[in-house]
Amino acid sequence: MTRLAIIRQRYRSDGGAERFVSQALIALSENSQLDVNVITRSWEGKPTTEYQVFKCDPKVSSRISREKDFATCALNVIAEEGFDLVQSHERIPGCDIYRAGDGVHKVWLEQRCRILNPIQRFWQGLSKYHKYVLSAEREMFNHPQLKAVICNSDMVKAEILQCFNAPPERIHVIHNAVDSERFCPVIDAEKKQLRNDYKLPEEANIAIYVGSGFQRKGLDAAIRAVALSGKYHLLVVGKDKKQSRYEALCKMLGIADKVHFIGVQQDTSPFYKLADVMLLPTLYDPFPNVILEAMSSGLPVITSTKCGGAEFIENGREGFVTDALDTAGISEALLTLDDVELRKSCGFQARKRVEKYDNRYLADRLSGLYQQLLISA
């Protein structure tokens with residue numbers, strides 16, 4: 001039996017990377033030849049009989065110590081347990097497999113600079129934390145122990161090849177999975193009832209935004225585009241410490257009554273069902289699960305060129321792709337999808353595009369990669 005360790009520092013129910021880990025654990029637990037283990041600082045929920053949880057929770061004194069000390073603790077567990085394969089979802093030099101669910105940090109910083117003023121860009125360049133992450137990422141990709149990298153989009157694969165001296169044959173694109181039974185299209189009567197339940201207007205066009213960390217996920221551009229369109233309500237599912245800033249923006253633009261902040265939801269499926277369009281003009285996102293969930297729910301998607309999910313979308317077929325800061329272009333896409341027949345067609349094609357990406361797909365791709373690595377070891 002192969003002993004596999006999966007490293008993820010924290011598990012949150014609303015985190016996209018964490019949901020991938022959950023999906024992988026569920027899928028891999030069906031393989032009787034795998035003994036699956038998790039190394040983590042904190043994990044919501046109780047360990048199950050399918051996998052063992054190893055806690056690594058050293059005291060945190062700074063952002064750097066949070067990353068560095070967890071990595072040291074995790075490597076100590078690995079040395080003690082002697083796992084056959086170690087798959088890390090954190091930038092930890094010395095793992096066998098790295099799952100690049102957070103993308104390339106250098107690229108994220110470049111994209112973030114687009115919305116920072118000169119002083120903020122200066123301080124970002126001096127940040128010891130960012131310097132540490134960039135160094136750890138570089139060391140990890142150059143480490144001789146690294147046998148494979150899992151990307152969840154072709155976009156991230158291309159970024160890794162551009163930024164690091166990584167052999168192309170070691171980089172594997174394995175897309176996330178989605179539960180197509182849970183996230184499924186809705187009939188009009190159910191949509192009407194859901195809107196009544198959540199006190200949302202029955203006849204309005206509703207765009208749904210799902211994600212925490214509003215700056216990175218592009219909520220500012222989403223709000224401005226909705227205001228510019230003049231035809232949509234926006235449902236915001238997620239949280240951010242600076243939510244009041246976005247509420248103030250809504251008031252300034254005169255759409256406070258059209259933007260609905262409902263916080264983090266344990267079950268997002270009903271909210272896709274009451275919406276008409278998914279709107280996520282994210283500054284940088286390797287491939288958020290919410291794109292798959294929305295598409296599986298039969299929603300057309302409007303997202304950005306620096307979202308890995310854009311590779312599943314052809315303009316006018318499954319939705320639209322724009323620059324993250326192009327509020328006029330985003331608004332135009334919203335207005336184009338005001339056409340009910342086009343919206344239904346895009347939603348149908350979106351659902352069709354993601355149908356094969358289920359847990360079986362994920363388990364087969366991951367297990368195949370593990371087997372390949374063990375044979376070549």
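Is Arg-224 buried, partly exposed or exposed? Arg-224 is partly exposed, with a relative accessible area of 34%. Here "buried" stands for under 20% relative accessible area, "exposed" for over 50%, and "partly exposed" for anything in between (1.4 Å probe, protein chains only).

## What you are looking at

This is a predicted model, where local features need pLDDT of at least 70 and side-chain atom pairs count only at pLDDT 80 or more, while totals for chains, interfaces and linings use all residues. Residues are numbered from 1 along each chain as its sequence is written, and side-chain values use heavy atoms, with hydrogens and water left out.

## The whole chain

The protein chain has 15 helices and 15 strands. Its radius of gyration is 21 Å, close to the 21 Å that the globule rule gives for 377 residues, so the chain is as compact as a globular protein of that length. (That radius is taken over C-alpha atoms, and the globule rule is 2.2 Å times the number of residues to the power 0.38.) Helices (H or I, at least four residues) and strands (E, at least two) are DSSP runs, numbered from the N terminus.

Along its principal axes, the C-alpha trace spans about 60 × 50 × 35 Å. Of the 377 residues, 53% are buried. Now take the contacts (heavy atoms within 4.5 Å) between residues at least 6 apart in sequence: 69% of them join residues at least 24 apart.

Helix α5 runs over residues 128–142, which makes 15 residues. From first C-alpha to last it reaches 21 Å, close to the 21 Å expected at 1.5 Å a residue. (The expected span is 1.5 Å times one less than the number of residues.) Its buried residues are Tyr-129, His-130, Val-133, Ala-136, Glu-137, Met-140 and Phe-141. They cover an arc of only 125 degrees around the axis, which puts them on the same side of α5. The arc is that of the directions from the helix axis to the C-beta atoms.

What do these buried residues pack against? Their partners are α2 (63–81), β7 (97–99), α3 (105–112), α4 (118–126), β8 (148–151) and α6 (154–163). At the start of α5, a side-chain oxygen of Ser-127 comes within 3.3 Å of the backbone nitrogen of Tyr-129. Tyr-132 also sits in α5, and it touches Ile-64, Glu-67 and Lys-68, not counting residues up to four places away in sequence. Tyr-132 and Arg-63 are 69 residues apart in sequence, yet 9.8 Å apart in space, C-alpha to C-alpha.

## Salt bridges

A salt bridge here is a side-chain nitrogen of Lys or Arg within 4 Å of a carboxyl oxygen of Asp or Glu. By this rule there are 23 salt bridges. One of them joins Arg-91 and Glu-137 (2.9 Å, N to O). Arg-91 lies in the loop between β6 (85–88) and β7 and Glu-137 in helix α5, so the pair ties together parts that are 46 residues apart in sequence. Both Arg-91 and Glu-137 are buried.

Arg-66 and Glu-67 form another salt bridge, also listed with its N to O distance of 2.9 Å. Arg-66 is partly exposed at 25% relative accessibility, while Glu-67 is buried at 18%. Back to Arg-224: its side chain meets that of Asp-220 in a salt bridge (2.7 Å, N to O). The two are four residues apart in helix α9 (residues 219–229), separated by about one helical turn. There is a network too, with Lys-191, Arg-195, Asp-276 and Arg-343 linked by salt bridges.

Gln-124 belongs to helix α4 and is buried, at 9% relative accessibility. Leaving aside neighbours within four places in sequence, its contacts are Leu-109, Arg-112, Cys-113, Leu-116 and His-130. Ile-115 lies in the loop between α3 and α4 and is partly exposed at 32%. With neighbours within four places left out, Ile-115 is in contact with Gln-120, Gln-215, Leu-283 and Leu-325.

His-233 is in strand β11 (residues 232–237) and is buried at 14% relative accessibility. Its side chain makes a polar contact with the side chain of His-260 (2.9 Å). A polar contact is a pair of N or O atoms within 3.5 Å; within protein, one must be able to donate a hydrogen and the other to accept it, and residues adjacent in sequence count only if both atoms are side-chain atoms.
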